[in-house]
Amino acid sequence: MAIMLDSRHRIDRVKLIDDDPEVRALYKYSVEDLELFPEEISGPIGDAGTLIETFDSAADAAICDYNLKSKNYANTDGSVVVSKLYSRNVPAVLCTRWAGHVSDQIRYWRRRIPVVLSPNELNPETLLSAFEVCAKEFGGGFSDFRRPWRAMVRVESAEDAGGGHIRLNLVIPSWKSSVGLSYVVPPQPGAVLQDICRRAMVGEVVRSFGQVNLGVESDEDVYIDDWTM
Amino acid sequence: MTKASFRFSPKILARLGEELNQSADQSISELVKNAYDADAKECVVELANVTLPGGRIVVADNGDGMDPETIRDRWLVLGRSSKATDVRTNLGRAPAGSKGLGRLAALRMGERVVLNSVQRGISRRMHELKINWVEFEGANVVEDVELDITSTKNVKGGHGTRTQLIDLKRSITSDEIKRLARSLLLLTDPFSDEQSGFQVKLIAPEFEEVESLIRKKYFQDADFHLHAEVGVDGRAKVQLLDWRGEILAKDEIASKAVKKDVRIYKSPAAKFDAWIFLLGSDTNSFSARKAGKGEIQEWLRAFGGIHVYQDEIRVTPYGNPGNDWLEMNLSRAKNPEERPSTNTSIGRVQIQGAGKHALVQKTDRSGFIEDEHFLELKAFLQDSLDWLARWRLKVAEKRRAQDRADAPKAAAAQKNKVDAAILLAPPAIQKKLIDAFSGYEKSRDKEADGLRKEIQLYRTLSTAGITAATFSHESQGNPIKRIELAASALKTRVPRIVKTEPDRVKLLGPVSDIESATRSLATLGNATLSLVRGAKRRLEKVGIHPTLDQLLTLMEPFALGMSTTFEKQFCTASPYMRTSQAAMESIFANLINNSLAAFEHAGASERMIKISTQIEGDMAVVSVSDSGPGITLKPLSDIWLPGVTGKAEGTGLGLTIVRDTVKDMGGRVDVEPVGPLGGALFRIYFPIMGS
């Protein structure tokens, strides 16, 4: 059976991406209860690009774990996979227990990760709702707490976060002027972010701009995208 | 021809009694030794009204007892002991009393003596002897006073001897009673794990106090355990053991003159055990020691020293307070670093009373006659301690050599520069400069040494933290995720599949229980991981109240799981300082953990932790108190030492971290062992930037 999310998006199959086969088997329950076809991605899946190629953007969706690298299952994180699927208009939900702990790490990708579910939240209703949110965003429809606004971002400092990553410590005054946020930049970001990282690493306070979901309440869900100077 | 014989003036009784055995504890110990020689299993010493003259002492045992002939021909005969040490008693004991002189000293403590004895196997008759010392004063010679031994019917059964010393000539002070308690407890080797077949009980509050102290046995907390033995062939072996008894080093003791020659000691066969504690102020480094330094010091003050046991009975004065018969303190003064003193060690020497080089005790019970064999025994013991000192010195040298090799080359180069610069100074002040620089170097080395120890402590801590975080990550990642997904699937499917409401409830109830248990499990991991988040280690503006709120929220499920509630009483201000969130969290997390552990340890019924804040000038004062049992450790200052813990599985690091962290933040921490809620109260003073 298929589910029509809106006039343009249909789902027949949900691919299940997790390095633990037992967890993949458990994801199936919610998918089956929606009477969709679950397909386990048993891996190894290599890089995200290769995996994305196997998706049919007209009929596929995905549930994806965050930690994919611990068992030689993938060489990338679930945040990268979900974000790339989103870019290709494939509805995808990140399912992790670590939302709070990894919010700094996934903030860079978060603009393209509309929904993060914890395992105890995953059920047929929340899953369908998450896919609907994705489909809506593909069409430019955002909820208040996901809608992007241009906002000034003040980068106060930067430090090496290991593995070629740089951690930026920043404040978004038009969101909450007294809350510091961290933002982990992966290796080889765009030219603007590269410049910001370089300057912040030598102690400069950098004032830049980005697309920020200013309506969000929790700092865990803040995203910053489309950086400009 | 006129026949004559020696006769003795009654004054001789005072000479031999009071003047040979001066101390009360030593005299009473002699009566107890008589009980041991009579194969008693128990001996009870009772003191009645002894703090004033006229009191009474009763020594009763359940030994073999005596018939009238034995009382007359042995007990009353002074100076001739039938107790040859090579003739064992029926229980195989080597007789400990000697010559009857010790007994006389005890008997002379009172104006009168009443002796009652019931012989083992003939319990129907009790024999009684009364001595009234006043009668001797009027007599010309001792033999003029006739003593009657009466026999009566004994209806109580039993056997043994009861000696009453009545109308004591002088009072016995509390200190003397303590000394007596110590002597009685140490009389038969209390150091081994096995209970002796001879129990001595003193009925006095001082005894219970000393007894509870001796039961503590801190041997496992010793830093070194030296074990040495000299055999009947005179060859000596020595070994150093760790707390589990694993051998760290061993050797045969060589002659001092020719190091390769094994020395043959003309000493009685002996076993020597010494437990040595490093208790100096520079040894506050991490150790796995369970007991506090103060507790160990108190124990060593009471029982420390090297005691000698001949045929399982202690020989005084070796190991008495102030008795340094092995000259340990002198050796330590010469080389303080690697030598134990009488205050930092406890030990025993076990020897046989019979044999080729047997030692003989002096008549006045002031130790052994210091003949060649005694001096050889002493040499063996001192050589064993020397061996340990050499071993420790070698290890310390090796460590120092390694430290020197590890010292940064830049520092060495700088030192050369300073040395060269000093040489340029006028000769008159060169020496002063050299001395000053050398003093500086020493203090810097000491500081560096302290820092190295701190680093070791924190490495241990970090490893514990990393392990906990890894474990949390593993358990959170997959197993808990699986449980949560499965429970969630059940919650969705049960209402669809099960038609009737009562049946649904029957299934959803347990699902809800699974969810609740999983949440508790997840809290533990979340808490661990939350505390190790890298971002929290940055220096930034940290609000005291928000940090406390976050931490309490994080720990609340864990605390509730232990039936503990938090009570917050924050002031209206918003104090903050520039520090890291991790530092501030570590202070309160450790204090809360400490309270939770105290509740668990004491099995407390009311469990509440109260956290209150207030502003005092430019300081914020955070008080953390609990309703636990409070702190009993003495001295109280020991709670801050690393490794000191009252809990079997405790690390003893929590409060050390609290102290160090608060100090690093420029604050201070005070403790009241018993606060307003009944448990400990910690007050932390933070120098704030604003509120």
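Predicted model: local features only at pLDDT ≥ 70, side-chain atom pairs only at ≥ 80, totals over all residues.
Chain A has six helices and 12 strands. Of its 229 residues, 44% count as buried.

Helix α6 of chain A spans residues 191–201. The buried residues of this helix are A:Leu193, A:Ile196 and A:Ala200. Seen down the axis of α6(A), these residues fall within an arc of 60°, so they line one face of the helix. That face has several strands of chain A as partners. The buried residues of α6(A) pack against β8 (149–162), β9 (165–172) and β10 (176–185). They also pack against β11 (206–212) and β12 (224–228). Just after α6(A) comes A:Gly203, which takes a positive phi of about 100°.

The two chains also touch each other. Chain B gives 20 residues to this contact, and chain A gives 19 residues. On the side of chain B that touches chain A, two helices, α12 (427–497) and α13 (501–531), each supply at least two residues. The largest share of this side comes from α12(B), with 15 residues. By class, the side of chain B that touches chain A has seven nonpolar, five polar and eight charged residues.

Within chain B, helix packing was examined for two pairs. Two packed helices are described by the angle between their axes and the distance between the axes. Helix α14(B) covers residues 544–561. Its axis comes within 10 Å of that of α15(B), and the two cross at roughly 35°. The crossing of α14(B) with α15(B) is right-handed. From α14(B), the residues that meet α15(B) are B:Thr547, B:Leu548, B:Leu551, B:Met555 and B:Ala559. From α15(B), they are B:Gln581, B:Met584, B:Glu585, B:Phe588, B:Ala589, B:Ile592 and B:Leu596. The residues of this contact divide into nine nonpolar, two polar and one charged.

Helix α15(B), residues 581–602, also packs against α16(B), residues 654–664. Here the angle is about 150°, and the axes lie 9 Å apart. Angles over 145 degrees count as roughly antiparallel. Helices α15(B) and α16(B) are therefore roughly antiparallel to each other. Their crossing is left-handed. On α15(B), the contact is made by B:Ala583, B:Ser586, B:Ile587, B:Asn590, B:Leu591, B:Asn593 and B:Asn594. On α16(B), it is made by B:Gly654, B:Leu655, B:Ile657, B:Val658, B:Thr661 and B:Val662. The residues of the contact of α15(B) with α16(B) divide into seven nonpolar, six polar and no charged.

B:Gly678 is found between β20 (668–672) and β21 (681–687) of chain B. B:Gly678 has 16 C-beta neighbours inside 10 Å, and therefore counts as partly exposed. B:Gly678 and B:Pro629 are 49 residues apart in sequence. In space, their C-alpha atoms are 6.4 Å apart. Leaving aside its neighbours within four places in sequence, B:Gly678 is in contact with B:Ser627 and B:Gly630.

Technical notes. Residues numbered from 1 in each chain as written. Chains lettered and ligands numbered in written order. Buried ≥ 20, exposed ≤ 12 C-beta atoms within 10 Å, placed from the backbone. Helix = DSSP H or I, 4+ residues; strand = E, 2+ residues; numbered from the N terminus. Arc of directions from axis to C-beta. Contact = placed C-beta atoms within 7 Å. Nonpolar A, V, L, I, M, F, W, Y, C, P; charged D, E, K, R; others polar. Axes fitted to C-alpha atoms, helices over the stretch in contact; angles between N-to-C directions. Parallel < 35°, antiparallel > 145°, perpendicular 65-115°, else oblique. Left-handed = near helix turned anticlockwise from the far one by under 90°.
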